[in-house]
Amino acid sequence: MLAFAIRYLGAHAGVMVTASHNPPQDNGYKVYLGDGSQIVPPVDAEIAAHIAAVPSVASVPRVEDGWETLGDEIEQAYVDAAASVVRPDAPRAVSVVHTSLHGVGSATVEKAFAAAGFPAPHEVSSQQAPDPDFPSVAFPNPEEPGAIDAALALAGSVRPDVVLANDPDADRCAAAVDDHGTWRMLRGDELGALLGQHVIDRLAAGGGAAGRADATAGVDGVGAGGLGGDGAVFANSIVSSRLLAAMARDAGIAHAETLTGFKWIARVPGLTYGYEEAIGYCVDPQHVQDKDGISAALLLTEMTAILRGQGRTLLDVLDDLARRHGVYATDAFSVRVDDLAIIGQIMARLRANPPSTVAGHQVSRADDLTVGSPDLPPTEGLRYYLDDDSRVIVRPSGTEPKLKVYLEVIEPAAGGAAAGGGAGGGAGAAGAGDDGLPEARRRAAERLAALVDAFRALTAP
Ligand SMILES: [Mg+2]
């Protein structure tokens, strides 16, 4: 809502105090400038220098008045904008369980669902009211094991079409679906591909996506889209799956890769849809130049409702995507350290002794991301491509004392596209279970596990 309000009011800056998806003691603040995006260098360092120059907080003179507390009209304007991502003609019959994990999302989600014409979501009542101590979850990130257990328990009795969870400041959105009787959390990359497919379907049907940024400059190396000249642009961070790029290429949509974080993704000129694997989605860049867990929840609910009307589910769409583009299997792990210097030592070791063969495959290309390129500003990190088209990125976390490793393998699915491109086309009329997809997924999981093992050894402290 803050990212929206900055643009709506024409403000010069916005500040939010939040622990976001972190434990309550990790309260920090987010800073936005007048374009409604989070700050990027050099502004971050300039602000830090000003903070460092202050001897103590108590010494900063404060005024007694001169501010204005905004009324509910801002929330209403935001709710109206968010609800507008849902097409007027989309079906509304859908059942949703939702939790805001003790954060601020529930009331706004409830209003946005009502404004969009959806039935009220079934809220996890014990996590519905904002509570800055996040009492029932150790780590209020929907991705963390156990974080959405209360929502899944409620889903057991409600049997909804989808379970949705926002982090406490509601800019992230996670989803769980019924997978043969068990609720399964979708990976951030899976949800990213699903929302991307939904936007592609809407573009193909005409009438445009939910929204797009007002910048219209082109992106280097990619032409305007082939969908009625719409000129749609998709984007994701470099550590997210390459599936969205394959989908965009197939649909004639421009695609850009950015550094991690929505401060970069939201700045892609002409952005139509952007995501990052850490369950961040921007489906309405025209109104919010940041990830937004509420508009993402609405768009996924619309997609679920359409599929329900067809007797299908989100998992069916993931199967379609795997048949068409191959199985894109992603994983990630963190190496936590007590001493930040250890991270530097691991990175130095990888640079001094670059791996030539990993998990039985040759490293066909290695990029030192500190060099930077015309498309990508320099950032600390190493990227490897193997001869089987697997990709691994090693980078220090920007916010915590840990090294993060992101891995992806691409496994061709029978009847579908080969890894690394090639002819498109679906699997034809083969029924579920007999088209080689389970076998392709099994092979992908095996290759991914081997890659994880190899990189755990390469990045061990
Ligand atoms: Mg957050």
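This is a predicted model: local features need pLDDT of at least 70, side-chain atom pairs count only at pLDDT 80 or more; totals for chains, interfaces and linings use all residues.
I began with helix α6 (residues 188-205) and helix α10 (residues 314-325), whose axes come within 10 Å and cross at roughly 85 degrees; axes here are lines fitted to C-alpha atoms, for helices over the stretch in contact, with angles from 0 to 180 degrees between N-to-C directions. I noted that α6 and α10 are therefore roughly perpendicular to each other (65 to 115 degrees; under 35 is roughly parallel, over 145 roughly antiparallel, and the rest oblique).

Residues are numbered from 1 along each chain as its sequence is written.

Next I looked up helix α4 (residues 105-116) and helix α9 (residues 293-309), which pack at an angle of about 40 degrees with their axes 10 Å apart, and α4 and α9 are therefore oblique to each other. For this pair I listed the contact residues (C-beta atoms, placed from the backbone, within 7 Å): G105, T108, V109, A112 and A116 of α4 meet G293, I294, A297 and L298 of α9.

Last, I turned to the strands (DSSP runs of E, at least two residues; helices are H or I, at least four). I found that 5 strands form an open sheet in the order β4-β3-β5-β6-β7, with mixed pairing, where two strands pair if DSSP finds at least two bridges between them. The edge strands, β4 (122-123) and β7 (182-185), each pair on one side only. Strand β5 (residues 162-166) pairs with strand β6 (residues 173-179) in the antiparallel sense over 4 bridges, and the bridge partner of V163 in β6 is A176.

Definitions and conventions
Two residues are in contact if their C-beta atoms, placed from the backbone, lie within 7 Å.
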